[in-house]
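I opened this model to look up a few local features. My notes follow.

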Amino acid sequence: MNSATIEVAPSVTTTYTVTSGNGVCTDTASVKIKVLPPPHASIAGNNILCQGNAATLTASGGGTYSWSSGQTTSVINTSTAGSYSVLVTIGSCTDVAVSNVTVNANPNASVSPDVVIVQGQSTNLSASGGTNYIWNNGMNGNTITVSPPATTKYCVTVYDANNCHDTACVTVTVEVCSSAGTLYLPNAFSPNSDGNNDALQIYYGIPECIKEFHLTIFDRWGSKAYETTDPAFKWNGVYNKSILQGTSEANTEVFIYYMNVKIMDGTQISRKGNISIVR
């Protein structure tokens, strides 16, 4: 071109040279027009999060960045739902990208109330509030069965369909059977309806520690007067459809008992002796 001024629009970096002269003398000058690639804005990062967490949004494709939230770094963190746009600039060229951040509510985990068991017993623990349940003892499911040897705290993490989670805990208190004391069976009782010692029963500090129980009572002729496998029994002295075989006189009758007990911790108790019914 033969003019002092030209307009160019190169698609790639190009060097332009101009030669000027006054008829006899000439001179040459060059100028390089650098063509930069246009910016291409994009945003990466997890834009779906659970309440209480933060999303990290990373912009790329330019030299400088200007977010709708006011930040001017390529990476921003947010825990608030909404639309986030970034203006990406290279030289005088710009591009815009948008990311919509969604915040899902966490599930509301609930679990069985605290429970007391005796050593050797098991109990069921149940949780609700989600679709997936992971317990801190490695078990899965909304209901688990546990038999801890000592008092233990169990926590469950409840997940919903969005993989958001919440945690709840329950304490299983274990009563140790060795602290229950001595199992006591009275050697006399008086079923006369006066409110005192009207029935024969056992006394034990932690009745739930009794795993197996068998009591048999015979009269003085060797006939079975009473038998039970229930440790919570209460015998009012009735046998052969009466008390003391129907006598209404003040009297005492002596029986022989055999008792076998197995405690949850494996302790075996075997006893025999006399029991008197006093009228």
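I began with I117, which lies in strand β11 (strands are DSSP E runs of at least two residues, numbered from the N terminus). The model is predicted: local features need pLDDT of at least 70, side-chain atom pairs count only at pLDDT 80 or more, and totals for chains, interfaces and linings use all residues. Residues are numbered from 1 along each chain as its sequence is written, and side-chain values use heavy atoms, with hydrogens and water left out.

I looked up the exposure of I117. Its relative accessible area is 5%, so I117 is buried (buried is under 20%, exposed over 50%, partly exposed in between; 1.4 Å probe, protein chains only).

Next came its contacts (heavy atoms within 4.5 Å). Leaving aside residues up to four places away in sequence, I117 touches T123, P148, V172, T173, V174 and E175. P148 is 31 residues from I117 along the chain, and their C-alpha atoms are separated by 9.3 Å.

Then I traced the sheet. It is open, has four strands in the order β11-β16-β15-β13, and its pairing is mixed (two strands pair if DSSP finds at least two bridges between them). β11 (115–118) and β13 (132–135) are the edge strands; each has a single partner, so one side of each lacks a neighbour in the sheet.

Four bridges join β13 to β15 (residues 152–159), and the two run antiparallel. Y133 has V158 in β15 as its bridge partner.

Last, I turned to M1. M1 sits in the segment before β1 (14–21). Its relative accessibility is 80%, so M1 counts as exposed.
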